[in-house]
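Here is a protein model to read alongside a few questions and answers. Please look at the fold before going on.

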Amino acid sequence: SKPTPLQISVPGIVKPRGMAFNSDRTKLYVANQGANNILVIDVSTPESPSLVRTLQGTDDAKLELPNDVAVDSEGTVYAVNYYDNSVIVFDANQTTPNPNKTLTGASGDKFTGAATDSNDKVYVISYNNGGKVFNKGSQTPSSTLTGLDNPVGIAINNNDELYVTNMMGNTVSVFDAGTTAPNPLRSLGGPLLIGPSMVAITDAPDVDDTDIYVVGQSFGHEL
């Protein structure tokens with residue numbers, strides 16, 4: 001059955017974009033693009049969410065139109081500046097970034113999304129240049145994701161399988177765990193998948209029971 005929508009309303013939300021949960025799913029992190037910050041919301045009681053703290057950039061690690069956010073198992077927060085080549089990093093429970101940990105891509109990279117896996121690797125999507133994989137604590141990519149067509153959003157399931165939206169390709173590429181090229185037998189597409197951007201998944205013990213939610217330029221669709 002389809003989930004029942006639950007509206008979350010807390011002070012300060014302005015043009016929210018990407019979101020991520022912490023490891024126990026009691027905190028929701030929101031890339032609050034309209035206010036150039038990251039909101040941390042307590043959702044342990046979903047019917048009565050409350051704002052826990054607000055993450056702000058600094059002069060040496062600015063948040064500029066944050067488009068997505070990721071949180072690893074230790075609570076480290078990764079905020080993606082839209083169409084920039086930087087990811088601003090906040091240590092666990094901190095409200096200002098650690099400028100010594102900023103992740104930087106190649107000149108001209110246009111970052112749009114990020115996610116972390118069970119090993120706390122950080123996967124960063126570049127609209128014009130595939131994707132970058134950073135090991136925990138490293139500011140240099142260890143590998144590159146290939147086979148993408150103007151990707152925007154990314155989600156990772158409990159098996160460390162990647163789902164990446166291709167906005168211009170009108171598909172969702174699926175990467176088996178530990179691989180850097182998509183599995184062509186698992187890619188998702190169809191006439192309703194037009195300009196896909198953000199993606200989210202629900203984990204289930206049986207992969208056949210996993211739901212994939214995709215937002216496009218003019219639609220929201222469940223696969």
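**Pockets and a sheet**

Q: What is the volume of the second largest pocket?
A: This is a predicted model, where local features need pLDDT of at least 70, side-chain atom pairs count only at pLDDT 80 or more, and totals for chains, interfaces and linings use all residues. Residues are numbered from 1 along each chain as its sequence is written, and side-chain values use heavy atoms, with hydrogens and water left out. A pocket is an open set of points on a 1 Å grid over the protein atoms alone where a 1.4 Å probe fits, with protein on both sides within 12 Å along at least five of seven lines. With volume taken as the space filled by probe spheres set on the points, joined across faces, edges and corners, the second largest pocket comes to about 160 Å³.

Q: Which element gives the most to the lining of the largest pocket?
A: The largest pocket has a volume of about 1,800 Å³, and 45 residues line it. Among strands (DSSP runs of E, at least two residues, numbered from the N terminus), the one that gives the most, with six residues, is β1.

Q: Which strands stand at the edges of the open sheet of four strands?
A: Strands pair if DSSP finds at least two bridges between them, and the order here is β9-β10-β11-β12, with antiparallel pairing. Two strands each have a single partner, so one side of each is left without a neighbour in the sheet: β9 and β12.

How values were computed
On a 1 Å grid over the protein atoms alone, a cavity is a set of points where a 1.4 Å probe fits but cannot get out, and a pocket is an open set with protein on both sides within 12 Å along at least five of seven lines; lining residues have an atom within 4 Å of a point.
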